[in-house]
Amino acid sequence: MKAPLSTLIAIICCAVVLLAYFLPFEPVQNISQLIINWAVSLSGIAMLVAIVSLLSSHWQKIRQKRSSDRYSILVIFGFGLTFLIGLVFGGPGSLDYQNVVTHMLLPIEAGLLGALTIGLTVAAFRLYRANRGWMTIVFGISTLLFVLLNSGIFTTGTGLDIPLIKNALGVLQRLPDAGGRGILLGLALGTITAGLRILLGIDRPYNS
Amino acid sequence: MPFKNRTGSTSKNADSPSQETPDWLKKIREKSHLEKPATPPLGAFGEAENRQFGETEKPDEIPQWLKELQKTESPVPDEPEKSEVDWITRLHEILPETPRSDSPSTTLYSDEELAAMAAAARKLDEFNRVIEEQASTQPLGVPPEPAPTDFHLESSSPAAPESPVELEGSISSFKPEQNQPDSANPEDITRDSHIEKEPVHIELKPTGNTEESVPWMQTPVMAEPEPVSIDTTPSEPVEPQPNSFDISSDKSETQSLESGIPAEENLPTEKKKSFFSSLFRKDETDSSEDAEDEPEDESGQNDEAAARTEEKPEPLIPESVLQPQYNRSVEYSGRLDISESQKASIHLLKSMLMGEIQPPAPTATQSKISGRMLRLCIGILLLIVMLFPLATGFMLTDQQALFSPGVVSMRTAVNALPENSPFLVITDFEPAFAGELKAAAIGVIDNLMMKNLNLSVVSTVPTGPALARDLITSVRQAAFAYPPEKISYLGYLPGGTTGMKDFIHNPRQALPLLDTGRYAWTYPATQDVFSINDYAGVLIITENTETGRAWIEQLHGNMADKPLLMVVSAQSAPLMRPYLDSKQLNGLIGGRVEGAMYDRIMEAPARSPVITASYQAGMLVVAVLIILGGIFGLFHGLFSSRSSSSKENWYVS
């Protein structure tokens, strides 16, 4: 076994935190809380390391003699500007920092989402030219149905207080829930499996 | 290693003139006419000739095994795989030097496999069994031996004899197989007794040295390395010819053989060894292709074989006779011992691989409208349609008339909250979804403010605190703004799910400061909070399903009888509704439309109705484009399939 000490530490930490969910004893709770606090602090440090790594990689791209990445300059410039605003103008709680977020980040990300909307619409328009199977037809019909349902057109008006219409709309709204429930069950089972594998030392992502 | 020659099945070509045959070979043939063949010849597919051992064959009569060959000349067997299986199972009989298996494969056979092998053995016809009894083959219990990739004469002396006298000595020193295992099988006993009757045996052992072959002994089929073939039927009709050549003869015959060798062809013994190795040349060539143990010998052998072919194109041993016997090892090496179940698995795997439905390649769309132009047109259309309500105030629909269960539950839960109590608001959404979630959550936030709740705002997204400020300040502005002392912005909570767990366990320790740097828990909005249970309820605003799920799972067991509310984007709502159904959530609003439902159910005036109208107009245009694209694609497919029927793309995936 590679790195048995780290594996042993990981298993013990997992077991203590898991036991704290089931055992109301004060020592177990305190140890679990201590381990969680360490994990939160380490995650903050990990984010700092990730930021340094990001900056260094973009700096390397800028310094490349061949095919220098000009967009990396924008990344470093944007990071420096945001960092200065947050550091100089009062931190995340300041109005200036809020303006950076709401007047720069928000329009940019919303614009990207709008471009994605146009791209998806074009893809839906050309869907049947590229692929004309039965599943494509079902997919197209379901997409059309839920686009219309989520637009709220069918739930407006004054003549909708009919049990048949309400029940039909309720059933249609429930259709995606069935798929969502299946996904959640799969996620839960996968999470349990992953936790058990780490708890038993089968998976050791900390060794990689 | 002793080897009892099975090449008695070889026969000379009847069309070949006798003057081209060496004298010593003529004598062998004449001798073999008068004597019983020591080993019955092998017929097609490695099966022995249906002739009783001991019968004298008439010279002019076509041998039975050749008749069998003629019968099976052109038609392919109905079940070639079965014949291959029979050949494989009898490989150790056809080629006695063939190892049964280097690995203890028989010990790994299951009972079903053994039963299948026994059943296959029982299906052998009568002549096959008779020949098996008469053939001087190695018994089944022979221990693993080297693969029959090549053979050469092995003398008893360390050095190979160089003269005919030495050859005589070496041949006379051949002894019956000594290391045959004891076997209680009567067949083995019969074989052993038969072997003892034979005075002379030729020991052959595998070797990789094939450069010393006698040129005039080569046959085209042996000299030309042919590609791997599993065709077991003779490609050419076999002429009637007597069974004239038999290596396994008695000592007197060996003497006559020695005396009959011409002086100019009285080659060294090592070259005579190559005669026997040449009989297996084809097999050895194919086997060595897999092994590639001696590439130099291989290349040299091929060149030499090609030269010999040019010199002596006339085959002494018909190709049609040798091919069925020795070409079969091309497909399955002698080292393999494949059972019926393994073959079935092979065929199953092959059929799975071959029969797998390949994903259809997308149809190459050749449109007069380029993709960029289409994107531009659709983008412009969407912009125009969505800007029209904003510019003109056109209302596409009325207010919401039906309400989803989550909205009704939300209203019930918010109305049940006690006034002036601490309340936790979690804003875990990215700036890209701020527009949708702001419209969805603004009614709930306003309703919470109506209750004069002391709000604590926290986020696990770095941009969350700023977006939370923007959301809360946009609810009430200017003079109607919510008192700042009623809201505490706890800021960014690092650590993901671990941070959630830490905050739920001890909020004061997890986030001791506000995002402004002040101590958080002396602030009026939070001074009464010591644990998570001191909050009257929690509202989670997120577009991320994973984040929402994590908060629900962490909070549900720690907040007893406290409402857990959630505002999510429309894309995440289907994954959150199961929590609402299971009462882990006490209220759910999914997207802008349900936010408008909440406003309507609270009897509040519609917030930004023109934006809602713009949103609905855009959704309608998208739906119309999907319909138009579908119709156009279907008709395009129909016409294109009529024009080019070969490119049918209608499939069921």
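**Conventions.** I note that this is a predicted model, in which local features need pLDDT of at least 70, side-chain atom pairs count only at pLDDT 80 or more, and totals for chains, interfaces and linings use all residues. Residues are numbered from 1 along each chain as its sequence is written, chains are lettered from A and ligands numbered from 1 in the order in which they are written, and side-chain values use heavy atoms, with hydrogens and water left out.

**Chain B.** I found 26 helices and eight strands in chain B; helices (H or I, at least four residues) and strands (E, at least two) are DSSP runs numbered from the N terminus. Of its 653 residues, 51% are buried, that is, under 20% relative accessible area, with exposed over 50% and partly exposed in between (1.4 Å probe, protein chains only).

**Cores.** I looked up the largest nonpolar core, which has 44 residues; such a core is a set of buried Ala, Val, Leu, Ile, Met, Phe, Trp, Tyr and Cys residues joined through side-chain atoms within 4.5 Å. B:V567 is one of the members that touch the most others. Helix α19 (residues 434-450) of chain B gives this core its largest share, nine residues. A second, separate core of 36 residues includes B:L490 and B:Y523.

**Interface.** I recorded 75 residues of chain B in contact with 59 residues of chain A, contact meaning heavy atoms within 4.5 Å. Between the two chains, about 6200 Å² is buried, and carbon and sulfur atoms give 66% of that area. Buried area is the accessible area (1.4 Å probe) that two parts lose on being put together, summed over both.

**Salt bridges.** I counted three salt bridges between chain B and chain A; each is a side-chain nitrogen of Lys or Arg within 4 Å of a carboxyl oxygen of Asp or Glu. B:R577 pairs with A:D177, the closest N and O atoms being 3.1 Å apart. This pair crosses from helix α24 of chain B to helix α7 of chain A, and both residues are buried. A:D177 has 4% relative accessibility.

A:D177 also bridges to A:R174, at 3.8 Å; the two are three residues apart in helix α7 (residues 163-199), so about one helical turn separates them. A:R174 in turn meets B:D581 at 2.6 Å. A:R174 is partly exposed at 39%, as is B:D581 at 29%. I close with the network of salt bridges that links A:R174, A:D177, A:R181, B:R577, B:D581 and B:E594.
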